[in-house]
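Reader: Could you walk me through the local backbone features and the metal site of this one? I'll follow up as we go.

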Amino acid sequence: MPEVTVTRRMHFNAAHRVHNPELSDEENERLFGKCNNPNWHGHNYMLDVSVTGQIDDRTGYVMDLAALKRVVQEAVIDKVDHRNFNLEVDFMRGVIPTAENIVVGCWRVLAPRVAPARLVRLVLWETPNNYVEYEGR
Ligand code: NI
């Protein structure tokens, strides 16, 4: 059977502060600028979740996108939407909440939950102009 990649886009809003507690305030300010604001700031994030697999003979689907939506909702969106990445998100504990680290955290919670399809790509949009991609390597 042919293998096809299917993608579901999800949205969430969350706050963060990009800050490395091991560096001085001056160094943090120099490295992270506005994103180091001690009083937090937010983004309207978009997460594109792509899974690959063979087309199921019986359904014609690789994975029912409604089922993929439920998985992403439970594993990611319910934990991050209207939350603070620095303070409230279990899978981000101990890492600086840059888009790079957030996308890797999302991968770790999603990858085990999409079988028999395989998670092949996550694209996390932090702004309409900035996004990061991760393919699990
Ligand atoms: Ni930011």
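Author: A definition to begin with: helices (H or I, at least four residues) and strands (E, at least two) are DSSP runs, numbered from the N terminus. This is a predicted model, in which local features need pLDDT of at least 70 and side-chain atom pairs count only at pLDDT 80 or more, while totals for chains, interfaces and linings use all residues. Residues are numbered from 1 along each chain as its sequence is written, and side-chain values use heavy atoms, with hydrogens and water left out.

Reader: OK, where is Trp 40 found?

Author: Trp 40 sits in the loop between helix 1 (25–32) and strand 2 (41–54), and has a positive phi of about 70° although it is not a glycine.

Reader: And what is the phi of His 82?

Author: The phi of His 82 is near 60°, again a positive value in a residue other than glycine; His 82 lies in the loop between helix 2 (65–80) and strand 3 (83–84).

Reader: Which peptide bond is cis?

Author: A cis peptide bond, with omega about 5°, joins Ala 115 and Pro 116, and Pro 116 belongs to the loop between helix 3 (99–110) and strand 4 (118–125).

Reader: Switching to the metal, what coordinates the nickel ion?

Author: His 16, His 41 and His 43 coordinate the nickel ion, each through NE2, at 2.1 Å. Donors here are N, O and S atoms within 2.8 Å of the metal (3.2 Å for Na, K and Ca), and water is not among the atoms, so sites may look incomplete.

Reader: What spacing do the donors follow along the chain?

Author: The donors of the nickel ion follow H-x24-H-x1-H.
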